Amino acid sequence: MADIRGTYDDLFTAVPNALAGLLDEGDAGASVAVFVDGESVVDVWGGFADADRTTPWQQDTITNVWSVTKTMTALCALVLADRGDLDPAAPVARYWPEFAAAGKDKVLVRHLLAHTAGLPDWDGPIEELYDWPAATARLAASAPQWEPGSAAGYHSLTQGFLVGEVVRRITGRSPGEFFAEEVAGPLGADFHIGLPAEDDHRVALAVPPSSHGEDYAASAPGRSASPATGTAVRVRDGNSVAWRRAQIPAASGFGNARSVALVQSVMACGGTVRGVRLLSQAGCDRAREEQFSGEDRLLGMPVRYGLGYGLFGNTFGWGGWGGSLVMIDPEARMAVAYVTHQMREPADDNRGLELVMAAYDGLMGLRT
C-alpha cells in the first residue's frame, strides 16, 4: 500500500485510505485536505512529484490546480463586492470602459462570474496569455458569441482575465497581487497566482494521462459540447516557466490541498477562518445565488452556476483539468480539496468525488 504522510483525525481514516488506493492504482502523486470549522482534520500527501517517480511528494510540494484557480479569483471579486467596491449587477464597462466595445455595453459583472458573458474562447496565441495588457485588450475588443446572460458556455481561460481586469481596475492591483495581499497573506495560505522563481523547485509538473504525451490538450467532457474554436492549451504549456510566472487567473494557480482547503474554508465558515475575517455571511451567501441552470454549450452537460462557483445541491466549488477539485459545504462548515498533478481523462475521473465521499464518512462520525 502506498505510503501516506501527514496528519488526520482518526474519524477521517477513510480519506488517507482513499488516497493510498489512488496511488496504488498508478497515480504519481497528490495531496488531500479536509477542514471543518476552519481547522484541519485531514492534511495528507503521498506518491511522487515527478513523472519518473524519483522525487517524493513533500509537505510543501505545489502544483498547477488549473481551473480550481477560478474559485480563488471569484473570492477576490466577492471580497470587493462585500466591501461595496464592486456591484455584480453593474455593467462591466462601469469599471472597465473599453470593454463596452463590440456590443458588450450590457454585459454585467455577474455574467463574467457565471460564464454567461458570451466570450468563452481564447483565440489568441498561447504566448499572449502571458501578457496581461495584450490579453485583456483582445477580450475588450471581442464581440460576444450570444446575448449575454441568455446562455452559458464555460469561459475556461477567459474568465480569469475578465474578472481579474475588473479587480485590477477597482484596486489598482493585479489579481495575483490582490489575492496575495488580501487573501493568502492574512490566512497564511501557500497559494499563488503568478509563481515566483524561488518556488520553482517545489513544483510538481503535470503528468498527462498514461496514453498521452505533453501535447495532450484540454477538451470538453460532454458529448453534446460545441467543438472548441479557441486556441488549445497543452500539458507542455502548463508546465512551462512562462505559464508559472504569468497571471492567468482562470487556470494558473499553484498550491496544494492544504492551501486550497484553507482559503475556501472562508466560504464554508461564514467569511471568517482562524480569526481572519474576509467576508460577511451575506458576502459568502452571494456565491450561491444561482445565475444559470441548464446545459452549458461548451461543456455539453447540465450545470448550475452561482457567482464564480459551480453549484451542486447544497454544496459548491469547482474542479480543474486533470482532476484537482475543491468542494465547500457551508452547512457542515467543511471544505475538501484534492490536488494532483496526475491527469486522467475527464470521462474516467471520479477521484475527487471519491475523496469527498470519504470526507463525509468522517464528518458523520464527528457529528455523532
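These notebook entries record what I looked up in a predicted model.

**Basis.** I number residues from 1 along each chain as its sequence is written. In this predicted model, local features need pLDDT of at least 70, side-chain atom pairs count only at pLDDT 80 or more, and totals for chains, interfaces and linings use all residues, while side-chain values use heavy atoms, with hydrogens and water left out.

**Overall form.** I looked up the secondary structure and found eleven helices and 14 strands; helices (H or I, at least four residues) and strands (E, at least two) are DSSP runs numbered from the N terminus. The radius of gyration is 19 Å, close to the 21 Å that the globule rule gives for 368 residues, so the chain is as compact as a globular protein of that length. This radius is taken over C-alpha atoms, and the rule is 2.2 Å times the number of residues to the power 0.38. Along the principal axes, the C-alpha atoms fill a box of roughly 55 × 45 × 40 Å.

**Burial and cores.** I noted that 58% of the 368 residues count as buried (buried is under 20% relative accessible area, exposed over 50%, partly exposed in between; 1.4 Å probe, protein chains only). I then turned to the nonpolar cores, each a set of buried Ala, Val, Leu, Ile, Met, Phe, Trp, Tyr and Cys residues joined through side-chain atoms within 4.5 Å. The largest has 83 residues, and Phe-179 and Trp-243 are among those with the most contacts inside it. Beyond four places in sequence, Phe-179 touches residues including Met-72, Phe-191 and Val-263; contact means heavy atoms within 4.5 Å. A second, separate core of 23 residues includes Val-44 and Leu-363.

**The loop between α2 and α3.** I located Ala-100 in the loop between α2 (69-82) and α3 (109-113). Ala-102 is placed in the loop between α2 and α3 and is partly exposed, with a relative accessible area of 41%.

**Positive phi.** Most residues other than glycine have a negative phi. I checked Ala-102 and found a positive phi near 60°. His-115, in the loop between α3 and α4 (132-141), also has a positive phi, about 60°. Is His-115 buried or exposed? At 4% relative accessibility, His-115 counts as buried.
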